[in-house]
Amino acid sequence: MNRSEMREQAFVLLFEKEFFADMPAVEIENIYSENVSALSDYAKELFETALLHREEFDEIIEKYANGWKLSRIPKVNLSVLRLALCEIIYIDGVPENVAINEAVELAKKYSGKEDFSFVNGILGSYSRSK
């Protein structure tokens with residue numbers, strides 16, 4: 001399994017957590033492993049780290065979303081953004097441009113027609129501000 005596929009696994013877990021907020025992360029991981037495919041260690045690390053720092057990521061998203069409230073941002077885009085911020089801030093060895101590009105690709109695959117540019121804009125603005 002390549003890094004993009006592992007990242008996609010983590011995205012699916014984060015997206016599921018949006019709908020099952022009260023379900024423990026380990027239970028979501030187990031359901032995925034039992035019903036979809038074996039979960040990579042990298043996907044688990046991303047998922048758990050993104051959950052741990054969710055509030056921090058949400059503050060960043062709100063800051064760069066130009067007046068958008070989190071409640072108005074589609075759950076798919078929030079999951080993609082949180083995942084990318086997790087990689088940019090907390091995962092060593094992942095270049096920022098790679099994390100941003102992978103987020104854009106996930107948004108193209110799973111989100112609305114133009115949402116990838118929204119994701120790219122937020123992550124690009126955050127990246128340039130550092």
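Me: What's the relative accessibility of Arg54?
Reply: Arg54 sits at 30%, so it counts as partly exposed. Buried means under 20% relative accessible area, exposed means over 50%, and partly exposed is in between (1.4 Å probe, protein chains only).

Me: What kind of model is this, and how are residues numbered?
Reply: This is a predicted model, with residues numbered from 1 along each chain as its sequence is written. Local features need pLDDT of at least 70 and side-chain atom pairs count only at pLDDT 80 or more, while totals for chains, interfaces and linings use all residues; side-chain values use heavy atoms, leaving out hydrogens and water.

Me: Back to Arg54. Which residue does it pair with at 3.7 Å?
Reply: Asp58, in a salt bridge, with 3.7 Å between the closest N and O atoms. A salt bridge here is a side-chain nitrogen of Lys or Arg within 4 Å of a carboxyl oxygen of Asp or Glu.

Me: Why can such side chains pair at all?
Reply: Opposite charges can pair when their charged atoms come close.

Me: How far apart are Asp58 and Arg54 in the helix?
Reply: About one helical turn, because they are four residues apart in helix α4 (residues 54–64). Helices are DSSP runs (H or I, at least four residues), numbered from the N terminus.

Me: Is Asp58 buried or exposed?
Reply: Buried, at 10% relative accessibility.

Me: Which residues make up the network that Arg54 and Asp58 belong to?
Reply: Glu18, Arg54, Asp58 and Arg82 are linked by salt bridges.

Me: How many salt bridges are there by this rule?
Reply: Nine.

Me: Which residue meets Lys130 in one?
Reply: Glu96, at 2.4 Å from N to O. Lys130 lies in the segment after α7 (115–129) and Glu96 in helix α6 (residues 96–110), so the pair ties together parts 34 residues apart in sequence. Lys130 is exposed at 53%, and Glu96 is partly exposed at 23%.

Me: And what does Lys108 do?
Reply: Its side chain meets Glu105 in a salt bridge, 3.6 Å from N to O. Both lie in helix α6, three residues apart, about one turn. Lys108 is partly exposed at 44%, and so is Glu105 at 38%.

Me: New topic. Which residues touch the most others in the largest nonpolar core?
Reply: Ile61 and Leu123, in a core of 43 residues. Such a core is a set of buried Ala, Val, Leu, Ile, Met, Phe, Trp, Tyr and Cys residues joined through side-chain atoms within 4.5 Å.

Me: Which helix gives the most to this core?
Reply: α5, with nine residues. Among the elements giving two or more are also α1 (3–19) and α2 (25–35).

Me: Where is Leu46, and is it buried or exposed?
Reply: Leu46 is in helix α3. Leu46 is buried, with a relative accessible area of 0%. Its C-alpha atom is 8.7 Å from that of Phe11, 35 residues apart along the chain.

Me: Last one. How accessible is Asp41, and where is it?
Reply: Asp41 is exposed, at 62% relative accessibility. It is found in helix α3 (residues 41–52).
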